[in-house]
Amino acid sequence: AIIMASYLMLVIDISIVLTGLPRIQAALGFTPAGLSWIQNAYTLAFGGFLLLGARAGDILGRRRMFIVGLAIFTLASLAIGAATTPVWMIAFRAVQGFGAAVLAPSTLALITTHFEEGHERNRALAWYAAAAGIGATLGLVLGGLLADLISWRAGFFINLPIGALLIAGTLRNIRETERHSGRFDLAGALTSTLGMCALVFGIVEAAEAGWASPLTQGSLMAGVILLAVFVWVERHANQPLLPLGMLANAQRNGAYGARLLFLSGMAGFWFFTAQYLQGALGFSPMQAGLAFIPVTVPQFFASVSVPRATRRFGQRRVLLTGLTLCVLGLAWLSVTEAQMSYLGGVVGPMLLLGLGQGWVLAPLTVAGVASVENHNAGAASGLVNVAHQLGASLGLAVLVVAYAGGPAPVFDAAGIARHTGITMEVAAVLLFVALIVSARFIRFDTIQSQDRLTPQLAQDSSAG
């Protein structure tokens, strides 16, 4: 229950801000492009420090890092709830993401150390997957409910008592894990995270200042240089965060690339649809949260059906079918400008997106850890999650540019619908490229065993 609740808190806080974004923008004075940093700051820090967080758990102990991650996450939530400026909120969303990066790897590791392999562990993983699977929906509904009835700030303040109870429960009920010797690749973690932040900042800045802006070009150049330094550091590190030899497998590279592209498009769906429902259709935050049920419920049932579907049709067919449904859903959603109706223009695409996403993520995870030696299994699993978080950040940055670059930036109801439609067109293109990459590179013919991937598949159920 402690592990499940802690991971549920992480997943909820990814989506809890979405239905409250219009209220946050009005309260703190965010620009439309700057609003994306509420999400990007969290996902960039989460993805950028995830491998370092996993290494810290190995060296210092999973229980200790579990408590440290909970403490950072909880205190950062308190600071976010008290934010009075955009810079304040963005800074502590990044701190919160760092806490999540420390906490998340330990949640799954503690399950494997506290529950014996077999029925007991499978039952724990099933509960873990169920908690993670409902997290996105719960975050959207809870965020809208609190924003409507109390304040958007309550969605963050609520983490304080929950985090304190979880820390107390951990001290009493969870034992420490065995520690391993090793070194921290701080240089690798910092250069990769700062490089990605600079790239995302440059892309988002282009939405407001244009591509010719010195700040835009300087940020993009700094990002490229920092990522080049990261590659150099990893080549020469004794214990690198990212063993570069793992990138020699074409199928795994295709899985990482397809995942990054898939999340690039889907991140825009969640982010901009939440604002479309309120800005164009006049939904309240609570109504906007409930409006996502047609995508989250099918996603849950599709995810549950993956084992049976893959046994009957194969991993490849399930993956390509899921991606095709998502492309069709986003393409359909891009014509919302003409529909201006939830039932006529939104529910149908959401059903397709829910079914599609439920069939995409697990096969992509299997492909992402295919043919990995046991000593690199942790790094491969980490790469899957890093591609997930960074794909969401980069994609949202690109889609912010698409949203801001639409014709006549008029943001009345019709203008919001028009700009949302353009953004969904770009998102559909990103997913179509993911479909092409998957069809070209992912064959599932080199996977020897799926049994050892079960823990990662359970963790991945939260990815949507």
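The model is predicted, so to speak of local features a pLDDT of at least 70 is needed, side-chain atom pairs count only at pLDDT 80 or more, and totals for chains, interfaces and linings use all residues. Residues are numbered from 1 along each chain as its sequence is written, and side-chain values use heavy atoms, with hydrogens and water left out.

The secondary structure of the chain comes to 21 helices and zero strands; helices (H or I, at least four residues) and strands (E, at least two) are DSSP runs, numbered from the N terminus. Of the 464 residues, 57% count as buried, where buried means under 20% relative accessible area, exposed over 50%, and partly exposed in between (1.4 Å probe, protein chains only).

A nonpolar core is a set of buried Ala, Val, Leu, Ile, Met, Phe, Trp, Tyr and Cys residues joined through side-chain atoms within 4.5 Å. The largest has 111 residues, and Met89, Phe262, Phe269, Leu277 and Phe292 have the most contacts inside it. Helix α12 (residues 250-279) gives the most to this core, with 14 residues. A second, separate core of six residues includes Met246, Tyr256, Leu383 and Val384. Contact means heavy atoms within 4.5 Å; leaving aside residues up to four places away in sequence, Met89 touches Ile24, Leu28, Phe30, Ile38, Ile80, Ala83, Trp152 and Phe156.

Helix α14 (residues 293-313) and helix α15 (residues 315-333) pack at an angle of about 115°, with their axes 7 Å apart. Axes here are lines fitted to C-alpha atoms, for helices over the stretch in contact, and angles run from 0 to 180 degrees between N-to-C directions. Ala309, Thr310 and Phe313 in α14 meet Gln315, Arg317 and Val318 in α15.

A search of the whole structure finds two cavities of 30 Å³ or more. On a 1 Å grid over the protein atoms alone, a cavity is a set of points where a 1.4 Å probe fits but cannot get out, and lining residues have an atom within 4 Å of a point. Grid points are joined across faces, edges and corners, and a volume is the space filled by probe spheres set on the points. The second largest cavity has a volume of about 60 Å³, and its lining includes Ile24, Trp152 and Phe156. Helix α7 gives the most to this lining, with three residues.

Conventions
On a 1 Å grid over the protein atoms alone, a cavity is a set of points where a 1.4 Å probe fits but cannot get out, and a pocket is an open set with protein on both sides within 12 Å along at least five of seven lines; lining residues have an atom within 4 Å of a point.
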